[in-house]
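Which of the charged residues pair with one another, and where do they lie?

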Amino acid sequence: MPKTVLLLLCLPLATAAAAAQDLYLADTRVVDPATREVRSGNLLIVDGRVQGMVEKAPEGFAGASLDLEGGWVIPGLNDLHTHSYGNMAPGRYFETPGTPVVARRMLYAGVTGFLDLFGNENGMHEIRERQRRGELPGADLYASLSCLTATEGHCTEYGIRTRTMDTPEEARKEVSELSAKQPDVVKIVYAPTGRMPSIDKATLEAAVATARELGLKTVIHVNTWQDVRDSVQAGASAVTHVPDDGPIPEGLARLMAERGVASIPTLTVETDFAHFVDDPEVLDHPLARALAPQKLVEAYRIEEVRQHRAEHREQADRREAMILASVKAMADAGVTVLTGSDSGNWGTIQGYSLHRELQRLVDAGLTPWQALAASTTEAGEFLGQPFGVQSGDIANLVVLEGSPLENISNTTRILHVIQRGKLVERDELLEP
C-alpha cells in the first residue's frame, strides 16, 4: 500500500445508501453455499431480509417484482482483505480515488461487503460511520481502522499514522484504546523473521488476549509458518497471507482447524501478478476494463515488466504451486478459508480481484461450493453478519447469467446486484 493512501479521505457523495426494501424475484435458481443446494422458484424479500421461496407474491404485495428468467442468485460476495484507497501497479502507478469511490466500484462488481485492513484510522472511522448513517452508497465497509505493529514495523512505512506496540503492556493499552472506536476486527502484524521490526510472541499474545476479552476478532499478518503456529497458539481468529518458506508443516492445518483459526490466503496478491502479465484475457475482461483505468492495464504490458516476469518465471511458478498446495491442505483439514484479495497492491484491481480470488481458490483444488462459501456465508459468519439466502438473511444478492457451480468464473457475468433488498442501479455507481 503506497504513501498516497493519505488521499483516502472521505469524498463528498450526496446519494444515500440503499435502504431496506421489499422485492419479489420470480423464476430464480438460488445457490445456497450453506446447504450446498440449488433451489428453483420464486424468492421473496421483505424489509431487506430474505423470506424464502414462495409459490407466488403475497396478496397485496407492494414491493418491486422482477422476473429473472432462470437467473442464478448467489449471496453477495465479500472481500476480507483490502486497502481501499485505490489501486497501484508497476512503474509507480497510483490511482487514489478514496474509499467511498472504491466502495461504489465494489458494489458494481457484486462485492457487497469488504474489510479494510489498514488505512487512515480517523478517516476510515468517519467514512464507516457516514456510510452506516446512509450518507454514502456502495458496498458495506468493515474496517480494522488501524494496524497494530512494532515501532518501525510493517504498516509504518506508508506515511500514515498507525498504532505501535513493543511490549505486552503497550499491546493491552493500544487494543483497549482502539476498541473505543469499535473496529470490526483488530489487525496485528507478527513477522519476527521479516526484514522489518516485529512485535515478539509475548506482545502478540497480550494483544490477542485483550481483543478477545473485549469481544473483538483478530487478523494476524504473517510471513512464515512459525508465525502461523504462534498465532494459532495465541488464540488468533484468523491469519492472512500464505507463507512461502516451504509447504505447510505436517499437522499445522489440523491444529488451525481444531482451534478454529481461519485463513485469509490473499491468493491474488500472492500469485496474480504473473497472470496479469502473461494472460491478456485477464486484464481485457469486461469487468476489469469497467473497474480499472487504462493506464493501470498498460502498466502490466510495458517491456520492463514483461522482462522481469520472464527472468523470474520458473521461481515464481514454483512458489505459486506451493502456495496453492498449502491452501488445499488447509481446506482439506477443515480450516475455514475466507476470500481476501489484498487489493490496493500490485496484481490486484479493486472489486475485480475478488472474482479472481474465487478462481484462484478453485485453481488450488477447492470446489466452487467451497469458494462461494468462503466469500459469502462463511465470510458473514466471520463478520458476525447473516449473509446468505436463507430466511432471515440480509438480502445482499447477486444475480448471474450462468451457473457458478459449472464454472466459477461465471461470478463475473453479473445481471443484477441487490443490496438489502433494493435493486442497485449499477451504472450509476461508476459515474464520477
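In what follows, a residue is called buried under 20% relative accessible area, exposed over 50%, and partly exposed in between. The model is predicted. Aspartate 200, at 41% relative accessibility, therefore counts as partly exposed.

**Salt bridges**

- The model contains 31 salt bridges, counted as a side-chain nitrogen of Lys or Arg within 4 Å of a carboxyl oxygen of Asp or Glu.
- Aspartate 32 pairs with arginine 39, and their closest N and O atoms are 3.1 Å apart. Aspartate 32 is buried, at 0% relative accessibility, whereas arginine 39 is partly exposed, at 23%.
- Arginine 132 and aspartate 184 form a salt bridge through their side chains, at 3.3 Å from N to O. Arginine 132 belongs to helix α2 (residues 121–132) and aspartate 184 to the loop between α3 (168–179) and β12, so this pair ties together parts that are 52 residues apart in sequence. Both partners are partly exposed: arginine 132 has a relative accessible area of 45%, and aspartate 184 has one of 24%.
- Aspartate 284 and arginine 289 meet in a further salt bridge, with an N to O distance of 2.6 Å. Aspartate 284 is partly exposed, at 35% relative accessibility, and arginine 289 is likewise partly exposed, at 32%.

**A buried polar side chain**

- Asparagine 42 is part of strand β2 (residues 37–46). With a relative accessible area of 15%, asparagine 42 is buried, because this value is under 20%.
- Which partners does the side chain of asparagine 42 reach? One is the side chain of tyrosine 24, with which asparagine 42 makes a polar contact at 3.2 Å.
- Another is the backbone oxygen of glutamate 55, which the side chain of asparagine 42 reaches at 2.9 Å.

Definitions and conventions:
Residues numbered from 1 in each chain as written. Predicted model: local features only at pLDDT ≥ 70, side-chain atom pairs only at ≥ 80, totals over all residues. Heavy atoms only, no water. Buried < 20%, exposed > 50% of the residue type's maximum accessible area, 1.4 Å probe, protein only. Helix = DSSP H or I, 4+ residues; strand = E, 2+ residues; numbered from the N terminus. Polar contact = N/O pair within 3.5 Å; in protein donor to acceptor, adjacent residues only side chain to side chain.
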